[in-house]
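Hello,

Here is the structure I promised to pass on. Please have a look, then read my notes below.

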Amino acid sequence: MAGSIIKPQSLVSRFGSLQKRHVSLTAANIPLAKYGGRHTVTMMPGDGIGPEMMSYVKEVYKYAGAPVDFETVLLDPSTDNYDDLYNAISSVKRNGCGIKGNIETKMNRPDIKSRNVEMRNELDLFVNTIHCKSQPGVRTRHEDIDIVVMRQNTEGEYAMLEHESVSGVVESLKIITEESTERLCRYAFEWARANGRKKVTLVHKANIMKITDGLFMEVSKRVSKDYPDLEHNNMIIDNCCMQLVSNPWQFDVMILTNLYGTIVTNLICGLIGGPGIISGANIGPRYALFEPGTRNTGTVLAGKNRANPCAMLNASADLLQHLKLDYHSKLIRDAISQTINIDKIHTEDLGGQATSLDVVQNVINHLKASAE
């Protein structure tokens, strides 16, 4: 049927004849979309402030001269038809990476899955990395915070496996596997070593969740033995939150399960200025998605020219770095830093009076100056 979406499960039969001729069609040997030296990237505006943030990204890319074309994919979380999700996943697999706003789950039904979570699972984006660093131009209670969060992205409490055992009794399954935990921990330790970090802290609740978080902690301890140059410790999640508020400088790199990760990420972002600055990256063996670090929809700010665009602009700089377009990434990142820390063009969330467009225009002005 013309215009119909081919769902992933149909690919096996579709390529069956090729497999008989010993042609191995795997993600590893399918080339990513790149035409005439330009990269094609999937863009998912999402809900709330997402669409307007994406328009700013396009404008900033234009003035930075970034050789990137966007394939825009719209998702509709108000329906139980998942064709839009299959289309988005296929687009990211074709292009290799994407940038997205948060997709709000608007139907509170047990059979409706979060499109955000399903996408991360299908693309095997096993780790969410957020570099939470204080901005010298933003006045906060704590200064000089520099923490990298490595959040489990495809297991843990967000397995979306819930059921009602008997009437009035519901259960939610938390999934922890040794293989996925080791992959996450090794990624964190390797990143820490490669980036000159000194300490890796695993956050858990093994005193209560003795089997699930017990395995999480046990695997981390075992992996740490392969990195004797890095200090390793563990901390219970509730104590961790208190320690972050009272003494955040003791933390360097943190490994957390899915739920603990989202709590701690929002807490740290709150310490350094709120959700409008920091970006996050969802990384897997082959694909990557970039988005604001706190994954907020910002519905109440939509269309009001008040939302801070810096988190999404930083995500766009992360995307360029991932594509090895380091020059363009640095141009945008430096322009954002100048706007926040030197010019102090701050939106309401940072205590200022600037509009979204004021911030974007100032970033563009710096990009124009760099081109002269």
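Start with Glu71. Its relative accessible area is 21%, so Glu71 is partly exposed. Keep in mind that this is a predicted model.

**Salt bridges**

Glu71 pairs with Arg94 in a salt bridge, and the closest N and O atoms are 2.5 Å apart. Glu71 sits in strand β3 (residues 68-72) and Arg94 in helix α4 (residues 83-95), so the bridge ties together parts that are 23 residues apart in sequence. Arg94 is partly exposed too, at 39% relative accessibility. The count for the model is 20 salt bridges.

Next, look at Arg186. Its side chain meets that of Glu182 in a salt bridge, at 3.0 Å from N to O. Both residues belong to helix α6 and are four residues apart, about one turn of the helix. Glu182 has 25% relative accessibility and counts as partly exposed. Arg186 is partly exposed as well, with a relative accessible area of 27%.

Arg186 also forms a salt bridge with Asp226, where the closest N and O atoms are 2.7 Å apart. This pair links distant parts of the chain, 40 residues apart: Arg186 is in helix α6, while Asp226 is in the loop between α7 (212-224) and β10 (231-236). Asp226 is partly exposed, at 43% relative accessibility.

Which residues make up the network of salt bridges here? They are Glu178, Glu182, Arg186, Arg222 and Asp226.

**Cavity**

Rolling a probe the size of a water molecule over the atoms shows where empty space is left. The count is one cavity of 30 Å³ or more. The largest cavity has a volume of about 40 Å³. Its lining includes Phe126, Gln152, Thr154 and Glu155. Ser180, Thr181, Arg183 and Leu184 line the largest cavity as well. Helix α6 (residues 178-194) gives the largest share of this lining, with four residues. By type, the lining residues are two nonpolar, four polar and two charged.

**Backbone**

Most residues other than glycine have a negative phi. Asp124 is not a glycine, yet its phi is positive, about 55°. Asp124 lies in the loop between α5 (115-122) and β5 (127-133). With a relative accessible area of 26%, Asp124 is partly exposed.

Asp144 is not a glycine either, and has a positive phi of about 60°. Asp144 is found in the loop between β5 and β6 (146-152). Is Asp144 buried or exposed? At 64% relative accessibility, Asp144 counts as exposed.

Best wishes

Key. Residues are numbered from 1 along each chain as its sequence is written. This is a predicted model: local features need pLDDT of at least 70, side-chain atom pairs count only at pLDDT 80 or more; totals for chains, interfaces and linings use all residues. Side-chain values use heavy atoms; hydrogens and water are left out. On a 1 Å grid over the protein atoms alone, a cavity is a set of points where a 1.4 Å probe fits but cannot get out, and a pocket is an open set with protein on both sides within 12 Å along at least five of seven lines; lining residues have an atom within 4 Å of a point. Grid points are joined across faces, edges and corners, and a volume is the space filled by probe spheres set on the points. Helices (H or I, at least four residues) and strands (E, at least two) are DSSP runs, numbered from the N terminus. Ala, Val, Leu, Ile, Met, Phe, Trp, Tyr, Cys and Pro count as nonpolar, Asp, Glu, Lys and Arg as charged, and the others, Gly among them, as polar. Buried means under 20% relative accessible area, exposed over 50%, partly exposed in between (1.4 Å probe, protein chains only). A salt bridge is a side-chain nitrogen of Lys or Arg within 4 Å of a carboxyl oxygen of Asp or Glu.
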